[in-house]
Amino acid sequence: YLKLDLTKNFVIRTRKEKDLIQPFGSDYLQKLKTFLINKKVKSEFRDEIPLIALGHEIYYIFDTAQSEKTRVDEKDKKCYKISIKRKLWKNEIKNFN
């Protein structure tokens, strides 16, 4: 579940240079590239993971992590459950043949 202000222009996209995330439980922003490396996401998948972003700040990384800024607590009146159907990623299709 995520807390998001849907009046803002969030987009679903893959990563770009200069992307940042404030990891859940953290007080600081971190480069997305560093975060994904530390989470041991394979390099061939890093450019294909869907993200919810506002500018260069990442709020949610599908199946991987969410930002501290999306933390839901008891005072929040609205929160959202986000799901997507996962298709085979390009690299998985290559390995599937």
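Strand 5 (residues 57-61) is mostly covered in this predicted model, with 5 of its 5 residues buried; buried here means under 20% relative accessible area, while exposed is over 50% and partly exposed lies in between (1.4 Å probe, protein chains only). Strands (E, at least two residues) and helices (H or I, at least four) are DSSP runs numbered from the N terminus. Residue numbers start from 1 along each chain as its sequence is written. Because the model is predicted, local features need pLDDT of at least 70 and side-chain atom pairs count only at pLDDT 80 or more, whereas totals for chains, interfaces and linings use all residues, and side-chain values use heavy atoms, with hydrogens and water left out.

Two strands are taken to pair if DSSP finds at least two bridges between them. Strand 2 and strand 5 are paired in the parallel sense over 2 bridges, and Ile-21 has Ile-58 of strand 5 as its bridge partner. Strand 4 (residues 51-54) runs antiparallel to strand 5 and is joined to it by 4 bridges, with Ile-52 opposite Tyr-60. These two strands form a hairpin with 2 residues between them, and Gly-55 in the turn has a positive phi of about 65°. On to strand 6 (residues 65-66), which is also linked to strand 5 by 2 bridges and runs antiparallel to it. Here Ile-61 stands opposite Ala-65, and the hairpin has 3 residues between its strands, with Asp-63 in the turn showing a positive phi of about 60°.

The largest nonpolar core has 12 residues in all, among them Ile-21, Ile-58, Ile-61 and Ala-65. A nonpolar core is a set of buried Ala, Val, Leu, Ile, Met, Phe, Trp, Tyr and Cys residues joined through side-chain atoms within 4.5 Å. Helix 1 (32-38), strand 4 and strand 5 are the elements that give two or more residues to this core, and helix 1 gives the most, with 3 residues. A second, separate core of 6 residues includes Leu-4, Ile-52, Tyr-60 and Phe-62. Leaving aside neighbours within four places in sequence, Ala-65 is in contact with Phe-35 and Tyr-60, contact meaning heavy atoms within 4.5 Å.

Arg-46, in helix 2 (residues 43-46), deserves a look of its own. Arg-46 is buried yet has no salt bridge, and the nearest side chain of opposite charge, Glu-44, is 7.5 Å away. A salt bridge requires a side-chain nitrogen of Lys or Arg within 4 Å of a carboxyl oxygen of Asp or Glu; Lys and Arg count as positive and Asp and Glu as negative, with His and the chain ends not counted. Not counting residues up to four places away in sequence, Arg-46 touches Arg-15, Leu-36, Ile-37 and Val-41.

Taken as a whole, the protein chain has 3 helices and 6 strands, following the pattern β-β-β-α-α-β-β-β-α along the sequence. Buried residues make up 35% of its 97 residues. Among contacts between residues at least 6 apart in sequence, 64% join residues at least 24 apart.

The mean pLDDT (the predictor's confidence in each residue, from 0 to 100) is 85 for the protein chain, and 87% of residues reach 70 or more. Confidence is highest in strand 2 (residues 20-21), at a mean of 97, and lowest in helix 3 (residues 90-96), at 48. Over residues 93-97 pLDDT stays under 50, and the model has 1 contact beyond four places in sequence for them. Where pLDDT is low, the predicted coordinates should not be read in detail.
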